[in-house]
Every structure is written in structure tokens, then in C-alpha cells.
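Hi everyone, thanks for coming. Let me put the model up and then walk you through a few of its parts.

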Amino acid sequence: MSVYRDAILAGTLEAEQIHADMNAASGASPSCGAIDVFRFIDGRDILLLFQKLGGLLGAFMNYQRPGILVTTERTLAIQRFTAAHELGHAVLGHDVGIDDESILHRTPFGQGHYNAKEMAADTFAAMFLMPEFLINEIAEKQGWDYAAIRRPEIIYQLSLRLGVSFEALVRTLARHGILSAHESMIVLTHSVKQLKRKLLDQTVVPTDWRCNVWELTDRDMDCSLIAEPKDYFVVRLREMSGAGYLWNFDQVIEAGFQIVSDQRRFLTSDEIGSDVERIFTAQAGYPHSASLIAEQTRPWDSTDVAAQFRIHLEVDRPAIGFTVRHRLEALAA
Amino acid sequence: MQPLPSERAALADRLREAREYVGFSQDEVAKKLNIPRSAISLIESGQRRVEALELRALAQLYQRSVGSLTGEVTPAELPEDVAHLARAAAKLTDTDRLELRRFAEFLSSRNPASEGK
């Protein structure tokens, strides 16, 4: 029994130590987005490589030098979790780790025991990518209270901002005591596809449901988010159309995004000239890093900007080989 | 002494494989070495000699030793603990086995320039 407790403790402590070091280095600036696990590994002199694997998700080996191998064949959230799990093997001093699908479905916090090293690496991955302080920071910025954070649609949006899968987050919320074990089981019965479908509201039907559907509002202002090329960004903004101001998306399109849907919905008020909510859905389509900026102006005077919406999107999909950052640094060196 | 045509072809194959393994394009490598892209293409098809300095730069970029590129150093066997775990993992496909071996080879073909870091 205690060997498992020790494994969970070791994984937790290692993740906490790294966060303490990272926060000290960055001056503890509150973030609103995901922990960049690939950048962290690159910066640690551990070789990180993506290859097209079969059933495996990833591996860690220390053979003359430490290296982490991650499959190109899964979603970014799963690639990030796999990389964090392998990083766990590395920082916990394990010699080797070869990991398949099972890392996604088992939990070190529940019933049932398995290999202690795997349990320690799983704990590390969860605590590294989903530390309680980061969950609290995001919830605070979004205005999600204790009741809200138990709703499946909110948990899904939180999982996107943390860059993890819905399932992984639900398990970790239970670990942090934010959800009870019973609540987490109920939340897990919800279909993520239904949550996505509801957000897209029949305006768009994705050809591939592995895409993520982000709901963005002015609460996401100035955030930096990590997303995938096929993801949809449903942006909901208040529009002062009564005063002649309309949201202008020229810069969104210039930055390389496609507007796939654009609607207006009256906010609950019968007054003539009351505000409306403008809901537009954008998609990046290809990997690139850009700011998504929309401005609320009067059509006849684009210099009079009543409001601006601005977020930074890093749209990425790791290709075979080193990370893009590693390649660019090696070429510049 | 001139290398045998087959040796040059083998070197060419290893260079292409090493580049593709870490994800650089011919264009990127050419810019880094300050030579035309066509030169990389010729080197990788065995139609152009590789200068010693170029080979060193390529080894550095691809994170391998010069010896592993020239074929003087033969790849090591899969370490026993990796081989053991690979046998134990249920869902391993042939692709996975191949990729694990390639990765172990890659890690063990350390670039001497980065040693002692």
C-alpha cells in the first residue's frame, strides 16, 4: 500500500517543485493558459522528438542522453499529456518508460493499483499540467464559481484552456477535491461531442469531431491559448448596435483565420435599440501563431474604436522531428 | 582515397534519413550550411561529395556523431531494459518496435561536440 502512496507523493512533489521554480523565474505572473510542456522539455536538455507511432503514445529512454518520443497520431491534448508523463519518468529518475493508451484511462487517485513507477509518472503529469493554482487562476479570470466549475460545459472549456483532455481534467478535479468521486463519474457520462455540438449551435458541422470548440468572451482578453488547426473559436461579444457600433473582423481574416459563421442574437430586453450579442466562429485551418483581433467601430468611422477583443493563438500540430522551436533555434545558432 | 560508389550511396542515405528523422527540410539545411538547396539534394542522392566541415555541421544539426553518419560507428543494440519493456507492452505494433529501436539508436549516436554539456 505505502509504495503507491509514496509514488503519488513523489510525483506530486516533483511537479510542485518545478512549478515553484517556474513561478520564481517568471515572477509568478498569473497566466490564463496551458503549461507549455514541450517548451519546458526543450529547455531541459532532454531531446523531444515526434514520430509516427503505431499503438504507442510515447516513450522515455535514457541511453547516453535522455530523450522523449511522442506520437504524431493523436490530438494535441493527448500529445501534451504523453509528453508530461514521459517527463515524469525523466525527472523521477526512471530508466525507461514505454507507454500506450492505458496512461489515458487509469488514474493514480482512484481504486485499483498498478506499477508504482507508472503511477508516479501519471501523478506527475496530472499535477504538472493541471495544478490547483492554475485551475483557480483560470476560474477566477473567467468568473466561474464553485457551482459553475462542476458543470460539464464549463469543465470542457477549462480543459481546453489547460490543454488537456476532458477526461484527464475530470479525474484531476476529483483529486483536488473540487469534484467528489461520485460527481466525477456523473460528469464523465457526458459526451464531449454533444458539448461541442451545442456550442456550434448547428451553424457549423465539423467533418472531424476531434476538433475542439472554444467559447471565447471578453473574459479571455489578452490570453495566450494553445490550439489545433481544426479547432473552432466561437467568440461571443456584446455589440452596441443601437449606438451604431459593429464588430469588424477584417483583422481576424488578415491574421489568417476563416470566419465560418456570423450571427446576432438580441439580448434579453424588448427596448428598441438595445444591445445585441454578436457570435462569430473562426477557424485557423493551418498551424500558425497569430493574434485574433476584432474591433467595434462605426462603419463610417473606423478610427473611433469603442471596444477591442484581442487574444493570442498558438495554433500548432507537432510534425515529425524536433519541435518547431527547437528547429528554429538550431538553425539560428 | 576515393570512396567506393556504394559507400557514397550509403552515406547519402544516412544523411537523408538523419535529416528527415529530426524534421528539417532540405531548404533549411542548405541555408544553415550556406550552400544551394540543390547541393543538399545532390549530397543526399550521392552525386556530390560532402566536405568534412559540412559533415560536422550536419552532425551537429541532426544531433548525431559524425561516425554514426559515415557508418564507422555501427548502431548499438536495443538496451536490455528497453527490449524487455517492449516485449512486455501489449499493444506494440511493428511500427512501434521499429521506432523504439530508431530512437534508441538516435540517442546513443550522441554528437561528440555536445559531450560534457
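Asp222(A) forms a salt bridge with Arg310(A), and their closest N and O atoms are 2.7 Å apart. By salt bridge I mean a side-chain nitrogen of Lys or Arg within 4 Å of a carboxyl oxygen of Asp or Glu. Asp222(A) sits in the loop between S5 and strand S6 (224–227) of chain A, while Arg310(A) belongs to strand S12 (residues 301–315) of chain A, so this pair ties together parts that are 88 residues apart in sequence. Over all chains, the structure holds 26 salt bridges.

A quick word on ground rules. This is a predicted model, where local features need pLDDT of at least 70 and side-chain atom pairs count only at pLDDT 80 or more, while totals for chains, interfaces and linings use all residues. Residues are numbered from 1 along each chain as its sequence is written, chains are lettered from A and ligands numbered from 1 in the order in which they are written, and side-chain values use heavy atoms, with hydrogens and water left out. Helices (H or I, at least four residues) and strands (E, at least two) are DSSP runs, numbered from the N terminus.

Back to S5(A). Which strands share its sheet? The open sheet has four strands in the order S5-S7-S10-S9 (chain A), with mixed pairing; two strands pair if DSSP finds at least two bridges between them. Strand S5 (213–216) and strand S9 (258–266) of chain A are at the edges with a single partner strand each, so one side of each has no neighbour in the sheet. From one strand to the next, the twist averages 20 degrees; axes are lines fitted to C-alpha atoms, for helices over the stretch in contact, and angles run from 0 to 180 degrees between N-to-C directions.

S5(A) pairs with strand S7 (residues 232–239) of chain A in the parallel sense, over four bridges. Look for Trp214(A): its bridge partner in S7(A) is Phe233(A). Helix H10 (residues 192–200) of chain A lies across S5, S7 and strand S10 (276–283) of chain A, at about 50 degrees to S5(A).

Now to the other sheet I want to show you. It is open too, with four strands in the order S1-S3-S2-S4 (chain A) and mixed pairing. Strand S1 (47–51) and strand S4 (96–100) of chain A are the edge strands, each pairing on one side only. S1(A) runs parallel to strand S3 (residues 65–71) of chain A, over five bridges, and Phe50(A) has Val70(A) as its bridge partner in S3(A). H7(B) packs on this sheet, touching S1, strand S2 (56–63), S3 and S4 of chain A.

That brings us to the interface. In contact (heavy atoms within 4.5 Å) are 34 residues of chain B and 33 residues of chain A. The buried area is about 2900 Å², with 65% from carbon and sulfur atoms; that is accessible area (1.4 Å probe) that two parts lose on being put together, summed over both. How many salt bridges are there between chain B and chain A? The count is zero.
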